[in-house]
Amino acid sequence: MVATASPEFWRGKRVLLTGHTGFKGGWTALWLARMGAHVAGIALPPNTLPSLFEKLGLASLIESHLCDIRDREALARLVRATKPEIVIHMAAQPLVRASYREPVETFATNIMGTAHLLDALRGMAEPRAVVMVTTDKVYHNLERPYPYREDDALGGYDPYSASKGASEIVIASYRDSFLRAEGKAIASARAGNVIGGGDWSGDRLIPDAVRAWLSGKPLEIRRPQAIRPWQHVLEPVNAYLVLAERLWADASLAGAYNIGPHTHESATVRAVIERARAGFPKAEVIYGDGTAGPHEAGWLALETALARTKLDILPRWGIAESVARTMEWYKAEAEGQSALALCDADLAAFTEAA
C-alpha cells in the first residue's frame, strides 16, 4: 500500500509549520488547510515576487506569524502560544549559491534556528510528533555513483550543505538528550531536489528556465551533467505528513529518513531541461562546461528503502510526469489561471494516484 496523508488524521490537529511562506511550505500549508488542520505558520516574509504564499492567499487559510527563527526569545514565545500537537520545521536558508554569498547567515539560520526551535519544545506537554526537514545534501559527498543511505557520513562542502549536515547532528542530540524522554518523537527528512509549480526562487533550475523562456531569453546552464534525485514537490510534502502520522502512532520510528525518487529516476540537469523545453517550442538553452561558479556536487542520489519499508512511502510520479506537470503549471499560471486552482488540481491528481 502506498501511504498518503490522511484527512481523517489531520482534521482538527494543531500544527506548527515553520517556513510556510516558502515554496514547499506553501504547498504544505495548503494541503494541511484542505484537510482541516489548524495551521500556525512561523516564517520570514516571502522573499520572491511573485510568491506562492500570496498567490494562494494563505494568510486567509492559516494563522500566519512573521518571525526570524534566529531570534530565540521571539520564536519561543510563538511556539508556546500556538501549543502545537505536531511540528513541521521547514524554515531555512535553502540555496547553495546564496550560502556562498552569506555563509554566516546560512549557518545562523540552519543550525542555530534549528536549535532554537528544538529548545523551545523542551518542557512543553506537546507536541507529540516533530518532523525536521533537512536535505539530500547532508552527506559527505564522495562524487561516486552510490545512493546515500541514512547511516552514511554527514558532511558538506558548501556552507548550505555543511549547515544542514550540522543541523542533523543538532536534531539527533536534542532527540537523545531531551525530547525522547519527554515523549516527543523527532524525525528528520532528507529530501531530494524538488520541482513543481509556484517556485520563483533564484538559482533554481526550473524557475530560472521559466523566467528565461517566458521572456524570450536563452537559459544558461552551468553544469548540465550534474545528477540529482529530482521529484515533484508533492512527493516530499506527502512524505513529511505521513512521517508525522507514523511518529504520532509509534515513537520508535523516530530517526532520519531519505525521501526521493527511485534510484534509477535520478537524472542529469540536461535531461530535465530537455524534457522541460518540450512545452516551449522556441526555448533556447546555452550549456556550459561545468567550470563556472563555485563548487557544487556533480553526482547525488538517495537510497530510500528505509522510508519505503518502515513508512510505506513510495514515489508516485516519475521524472517525466513530474517535469510535465511542473511546466504545465507555470504555463497555465502565466496565461492567467489561478495558482490556487492549479495547486488544488495537482493535489487531487496526486491523491487519486494512490
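This is a predicted model: local features need pLDDT of at least 70, side-chain atom pairs count only at pLDDT 80 or more; totals for chains, interfaces and linings use all residues.
**Entry 1: aromatic rings**

I began with the ring cluster: F9, W10 and W248 are linked by ring pairs.

Where do the two partners sit? I found W200 in the loop between strand 7 (194–195) and helix 8 (205–214), and Y330 in helix 12 (residues 319–334). The pair therefore ties together parts that are 130 residues apart in sequence.

W200 has a relative accessibility of 14% and counts as buried. Y330 is buried too, at a relative accessible area of 2%. Y330 also forms an aromatic pair with W329, again edge-to-face, at 5.5 Å centre to centre and 75° between the planes. I noted that W329 is buried, as is Y330.

**Entry 2: charges over rings**

Which ring does R270 lie over? I found R270 over the face of Y287, 3.9 Å from the ring centre. I noted another case at R316, whose charged end sits over the ring of F350 at 4.3 Å from its centre.

Strand 1 (residues 14–18) pairs with strand 2 in the parallel sense, over 5 bridges. On to strand 3 (residues 63–66): strand 2 pairs with it in the parallel sense over 4 bridges. Here A43 stands opposite L66 of strand 3.

Why is strand 2 largely enclosed by the rest of the structure? I counted the buried residues of strand 2 (residues 38–43) and got 5 of the 6, so the strand is largely enclosed.

What do strand 1, helix 2 (residues 23–34) and strand 2 make together? I noted a right-handed β-α-β unit. Helix 2 has 12 residues and spans 17 Å from its first C-alpha to its last, close to the 16 Å expected at 1.5 Å a residue. Of these 12 residues, 11 are buried, so helix 2 is largely enclosed by the rest of the structure as well. I wrote down some of the buried ones, including F23, K24, W27, W31 and L32. Just after helix 2, I saw that G36 takes a positive phi of about 90°.

I looked up H65, which is found in strand 3. H65 has a relative accessibility of 21%, so I logged it as partly exposed. Which residues is H65 in contact with, leaving aside neighbours within four places in sequence? My list reads H20, G41, I42, A43, L78 and T82.

Then came H232, which lies in strand 10 (residues 231–232). With 0% relative accessibility, H232 counts as buried. Neighbours within four places in sequence set aside, H232 is in contact with V194, I195, G196, W317, S322, T326 and D346.

**Entry 3: strand 6**

My last stop was strand 6 (residues 185–191). I found 7 of its 7 residues buried, so strand 6 is largely enclosed by the rest of the structure. Which residues cover its two faces? On one side I listed A185, A187, A189 and A191, and on the other I186, S188 and R190, and all of them are buried.

I then looked for its pairing partners. Strand 5 (residues 129–133) pairs with strand 6 in the parallel sense over 5 bridges, and the bridge partner of V130 in strand 6 is I186. To get from strand 5 to strand 6, the chain passes through helix 7 (residues 159–179), and I logged this β-α-β crossover as right-handed. Strand 11 (residues 255–259) also pairs with strand 6 in the parallel sense, over 5 bridges. There, A191 has I259 of strand 11 as its bridge partner.

How values were computed: Residues are numbered from 1 along each chain as its sequence is written. Side-chain values use heavy atoms; hydrogens and water are left out. Buried means under 20% relative accessible area, exposed over 50%, partly exposed in between (1.4 Å probe, protein chains only). Helices (H or I, at least four residues) and strands (E, at least two) are DSSP runs, numbered from the N terminus. Two strands pair if DSSP finds at least two bridges between them. A crossover is right-handed if, with the strands pointing away from the viewer, the path from the first strand over the helix to the second runs clockwise. Rings of Phe, Tyr and Trp (its six-membered ring) pair if their centres lie within 6.5 Å; planes under 30 degrees apart count as stacked, over 60 as edge-to-face and the rest as tilted. A charge sits over a ring if NZ of Lys or CZ of Arg is within 6 Å of the ring centre and within 35 degrees of the ring normal. The expected span of a helix is 1.5 Å times one less than its number of residues. Contact means heavy atoms within 4.5 Å.
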